[in-house]
Structure formats: C-alpha cells, structure tokens
Amino acid sequence: MTIKDVAREASVSFKTVSNVINGTGSMRPETRQRVEEAIERLGYSVNMSARMLKSGTTNLIGLAVCNFTQPFMSYLACLIIKAAKRRNYGVVINTYEFDGAGLEDIVTDCPRLGADGWIFYADRPLRDRAAVLDQQFPVVLAGDYSAYGRTDSVTMPNKQSLYDTVSRLLRQGYDRIGLIGVPDEADRDRIFSVHEGGRALRSQGYIEAFDDYGKTVDWNILRSGNRWDSGDGERAVVGLLAENECPQVIVCLNDSLAIGAMHELQRRGYHVPDDVQIIGFDNIAEGRFANPALTTIDPDVEDFAQKAVDMLIERLEGYDGPVRTYTTDYTLIERGSTRFGGGVAASGGR
C-alpha cells in the first residue's frame, strides 16, 4: 500500500496526503479527516527505511535521562514519546546511573544509536561550562541546570513556585513549615551561592518567602536527601522527628520525597492532613493514588516535554536562530494531603 493509493482512495492529491502524514500544510478539517480515514481503512503506514534513504534522516530523536529508579524520569519519558509521536518522530532512550558522572557517561554512545538529535536531561551541574552539549547533532538541554548559552533549554519555575506556595501558607498563619530535599549541609550562604539546580532554587524560594513575610527560618526542620526518592523522604522524617516537634506543614521538593515522608508520618500515628499537611512537587501519577491523595506543585511537565521536543525538531528542520530558554508555568493542585479545600489553587506565569 502506497501514498498514491491513499490519495486515490481519499480523492485528494499526493501532496495533501503527505501534508496529513507530516502534520504540515493547511486544509479543511473535513479533508484531513477523509485522508485519515483512508489511511486507516487501507492500513497504510510510512515506510521508515525508504524515508531514511531518501532524506538521510531517521525521524528519531534521542532522550538521555537518569535511570528509572526515580518515578519522574519515566513520567517525563512517556510525555516526550507522546510529544514526538504528535510530530511523527520516534524516540530512542539511553539512561545513565545516578552514582556515575551523569551525561558524560553515555554521550559517546549517542551517535551510534541513530537519532537525528538528542534531548539531554541533566540531574547535576554540567562540568566545564556544559562542554558536553557541544555535539555534532542538535541538542536540547532539559532540567534545572545551565546550558551556558550552548544549546536551547527547557526548565521549570523552581524558585517562583516554592515562593508562592510558602507565601500562601505564611499568609494563612502557618509558620512551622518543614522542607525536605534541601542541599546537603545547607545553610543560607551555601544555598544562595548556587544559581542552578532544582534543589537550590526551590530552597531559595522557600527562604525568600520567609524573609519577605518577616519570619525566621527554623533550620532544624529542613532536611536533605541525596537521591530525592521515597526512601529519602522516609529517612528525613525519622531524623526530623528525632530532634523536633512535628511541623504544621511539610513541603517536599518532589513527590517521591512527599510520598515517603507521608508513609513514615502515618506509620508513626500522625494523621494527614489533620496533624500535619504534606505538599510535593512534580504531579507524578503516584501522587494521585497516595492515601490521602497528594497536594502537589505541578510544573506543567507535559508542556516541558512538548517544548523540548518542538525546539529540537525546529533545529532538525533548519532553524539556526539564537539559543532559547523556555520556562514552564505551574499550578498548585490541591488534594487530600492539605486542608486548602481541594481543586486547582493557584498558578504562576513565566
């Protein structure tokens, strides 16, 4: 079955069918629908080998991420795959280990995996002013670390979202607000000496909210966590309660930490949200099914993934303009782990 057969079946031109397949061109909605129905009826599919031979491209993009022990990584990967499919691209995935050197461990593998360009997700600062981003293929950097002007990048509203959320809690009269996931051995100078990374930037938003409301940060109820997983959340609560009374609210710098923290609090007999309220960050699927369902800061990961894919494909298709940085919006999604009242609470702009 060929594209000409589809054109004949739908009574349209060869070019119109090509535009439908590639998501390009303009046409009436009923024309597009007629072509799509013809494609389905005839069982037509694109011959990727022929396309690659003709164009010299694979219509594959690569995604390099930290391994899937962190639920956020699989969540992000699924969204990038969906975004790529909407643009008629496939995705090849390569992972690096948390305990290694990060992207540098796998970047030499990328050329042999056949992708036309790559989305690199960084889980730590990039050495030598992000020299790893200088590749022979287009690259988009995703995450919370600087690309140093070398490539396009997408990031999240780390500081602003925490600032707004903690400010709201302070306005409501809560002043014992714990924070889990801060940098190791954190103090004010150490946190504000860093200008990249979700851990530092989200912590800065928390501290600046206290400063602006004339409140003093209780450093005893801030806890770190190396891996940002549920085990770290559990251990953070153990250490926090060994030395302090339970805070009124605990804000966790990702949802995995929050789920682990909530588990340990409940194991110790605390009721969420009656005794202590919990807030996470990321809006991963697991948070919806926690008991109670987790209130979370949603940094619009779907938009994050879509923009990374779009910017990479634009480069692949010839865009050679200046380097761009895109920051998503955010929404505080209220669920059962807080007493705000439920629903979509607040959002912030770029």
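Which residue forms a salt bridge with aspartate 109? I looked this up at the start, in what is a predicted model. The partner is arginine 112, and the closest N and O atoms of the two are 3.7 Å apart.

I then checked how open each of these two residues is. Arginine 112 has a relative accessible area of 63%, so I noted it as exposed, the cut-off being over 50%. Aspartate 109 is at 23% and is partly exposed.

**Salt bridges overall**

I looked up the total next and found 24 salt bridges in the structure. Side chains of opposite charge can pair when their charged atoms come close. I followed two further pairs.

**Glutamate 317 and arginine 87**

The side chains of these two residues meet in a salt bridge, at 3.9 Å from N to O. I located glutamate 317 in the loop between helix H13 (301-316) and strand E11 (325-327). Arginine 87 sits in another loop, the one between helix H5 (71-86) and strand E2 (90-96). The pair therefore ties together parts that lie 230 residues apart in sequence.

Glutamate 317 is exposed, at a relative accessible area of 56%. Arginine 87 has 27% relative accessibility and counts as partly exposed.

**Aspartate 152 and arginine 324**

I found a salt bridge between the side chains of aspartate 152 and arginine 324, with 2.8 Å from N to O. Aspartate 152 belongs to strand E5 (residues 152-155), while arginine 324 is in the loop between H13 and E11. The two are 172 residues apart, and the pair links distant parts of the chain.

Are aspartate 152 and arginine 324 buried or exposed? I noted both residues as buried.

I then traced the shared partners.

**Aspartate 164**

My last entry concerns aspartate 164, which I placed in helix H7 (residues 158-171). What does the side chain of aspartate 164 make a polar contact with? I found the side chain of tyrosine 330, at 2.7 Å.

Note on methods: Residues numbered from 1 in each chain as written. Predicted model: local features only at pLDDT ≥ 70, side-chain atom pairs only at ≥ 80, totals over all residues. Heavy atoms only, no water. Helix = DSSP H or I, 4+ residues; strand = E, 2+ residues; numbered from the N terminus. Polar contact = N/O pair within 3.5 Å; in protein donor to acceptor, adjacent residues only side chain to side chain. Salt bridge = Lys/Arg side-chain N within 4 Å of Asp/Glu carboxyl O. Buried < 20%, exposed > 50% of the residue type's maximum accessible area, 1.4 Å probe, protein only.
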